[in-house]
Amino acid sequence: MDASANAPISRSKAAAFSGGAVIGALGGLIGLGGAEFRLPLLIGIFNFAALEAVILNKAMSLVVVATALPFRASTVPFSEIGSHWQIIVNLLAGSLAGAWFGAGWATRLKSETLYRVISVLLLVIAVILVVGHDATAGQPLLTGGLQLFAGVIAGFVIGIVASLLGVAGGELLIPTLVLLFGADIKLAGSLSLAVSLPTMLVGFTRYSRDQSFSVLGRNKAFLIVMAAGSIVGTFIGGLLLGVVPNAFLLPALAVILLLSAVKVWRHK
């Protein structure tokens, strides 16, 4: 069951850095943490068990999210993020509970079942990535009490998904912020990070109670090297932003997710 006991040659520092850099660049290009691409890599290439891969993914996603907020501050200042604190609190009311529930659920699932769940969620994210990323700011979908209720429910679902996959949840949060609250896409990206960070910390805390959490200590060098590669890649992806057209990029990434979903589904 412990897939990390016999580390394969592919789990080298060079492979970890390169994988992190490529996925970080993809994330930087589309404004995501890249965790949905990193997870199939951890399972299919680096041969981590499902729950261990989710925990490693969560750790590296935390690094990316924590550094992305200050990187974006020149475009979306903290004061602007703070002025929308009601939206952050609204989504956090659901996402924190969802993250705790999702992490607890993941630690109780058999590996085979968790592989299936991850595959289905990757498929769903592939669809949302194409359909939801081109959403444009406008009038909020709902207002008043209905908006608050919808925000809590949306946050709860996103918190569960974020914990199960070890992702930041931006691929779900950004369309929610744009469509439900009418936020501008750049502001939505920073608000998403502000919601993601505490949500991921809650899920991470819940995972720390499981014995699989020891995967971080056993693979500390791997974790540091891949995290460094992810940050370098995110920086490069940000430089390339606007060069690669979304009309080509998003369908290509959706195909990658679909192939990853199939690979994870068949993983033994």
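Buried means under 20% relative accessible area, exposed over 50%, and partly exposed in between, with a 1.4 Å probe and protein chains only.

## Basis of the model

This is a predicted model, in which local features need pLDDT of at least 70 and side-chain atom pairs count only at pLDDT 80 or more, while totals for chains, interfaces and linings use all residues. Residues are numbered from 1 along each chain as its sequence is written, and side-chain values use heavy atoms, with hydrogens and water left out.

## Overall make-up

The protein has twelve helices and zero strands. Helices (H or I, at least four residues) and strands (E, at least two) are DSSP runs, numbered from the N terminus. Of the 268 residues, 53% count as buried. The protein exposes about 11,800 Å², and carbon and sulfur atoms supply 71% of that area; accessible areas come from the Shrake-Rupley method with a 1.4 Å probe, and for residues only the protein chains shown count as cover.

Contact means heavy atoms within 4.5 Å. Among contacts between residues at least 6 apart in sequence, 85% join residues at least 24 apart.

## Helix H2

Helix H2 (residues 35-44) has eight of its ten residues buried, so it is largely enclosed by the rest of the structure. The buried residues in H2 are Ala-35, Glu-36, Phe-37, Arg-38, Leu-39, Pro-40, Leu-42 and Ile-43.

## Packing of H7 and H8

Two packed helices are described by the angle between their axes and the distance between the axes. Helix H7 (residues 144-165) packs with helix H8 (residues 170-181) at an angle of about 170°, and their axes are 11 Å apart. That makes H7 roughly antiparallel to H8, a term for angles over 145 degrees, where under 35 is roughly parallel, 65 to 115 roughly perpendicular and the rest oblique. Axes are lines fitted to C-alpha atoms, for helices over the stretch in contact, and angles run from 0 to 180 degrees between N-to-C directions.

On the H7 side, Gln-147, Ala-150, Gly-151, Ala-154, Ile-158 and Val-161 meet Leu-172, Leu-173, Thr-176, Leu-180 and Phe-181 in H8.

## Leu-177 and Ser-192

Leu-177 lies in helix H8 and is buried, with a relative accessible area of 0%. Not counting residues up to four places away in sequence, Leu-177 touches Ile-87, Leu-91, Gly-182, Ala-183, Ala-188, Leu-191 and Ser-192. Ile-87 is 90 residues from Leu-177 in sequence, and the two are 8.3 Å apart in space, C-alpha to C-alpha.

Ser-192 sits in helix H9 (residues 185-207) and counts as buried at 2% relative accessibility. Leaving aside neighbours within four places in sequence, Ser-192 is in contact with Gly-170, Leu-173, Ile-174 and Leu-177.

## The salt bridge

A search of the whole structure finds one salt bridge, defined as a side-chain nitrogen of Lys or Arg within 4 Å of a carboxyl oxygen of Asp or Glu. Arg-218 pairs with Glu-52, and their closest N and O atoms are 2.6 Å apart. The pair links distant parts of the chain, with Arg-218 in helix H10 (residues 215-218) and Glu-52 in helix H3 (residues 50-71), 166 residues apart. Arg-218 is partly exposed, at 42% relative accessible area, whereas Glu-52 counts as buried at 6%.

## Nonpolar surface patch

Phe-17, Val-232, Phe-235, Ile-236, Leu-239, Leu-240 and Val-243 make a nonpolar surface patch of about 650 Å². Patches are made of residues with over 30% relative accessible area and no salt bridge; like charges are joined within 9 Å, and nonpolar side chains (Val, Leu, Ile, Met, Phe, Trp, Tyr) within 5 Å.

Helix H11 (residues 220-240) gives the most to the nonpolar patch, with five residues. Ile-236 lies in H11 and is partly exposed, with a relative accessible area of 39%.
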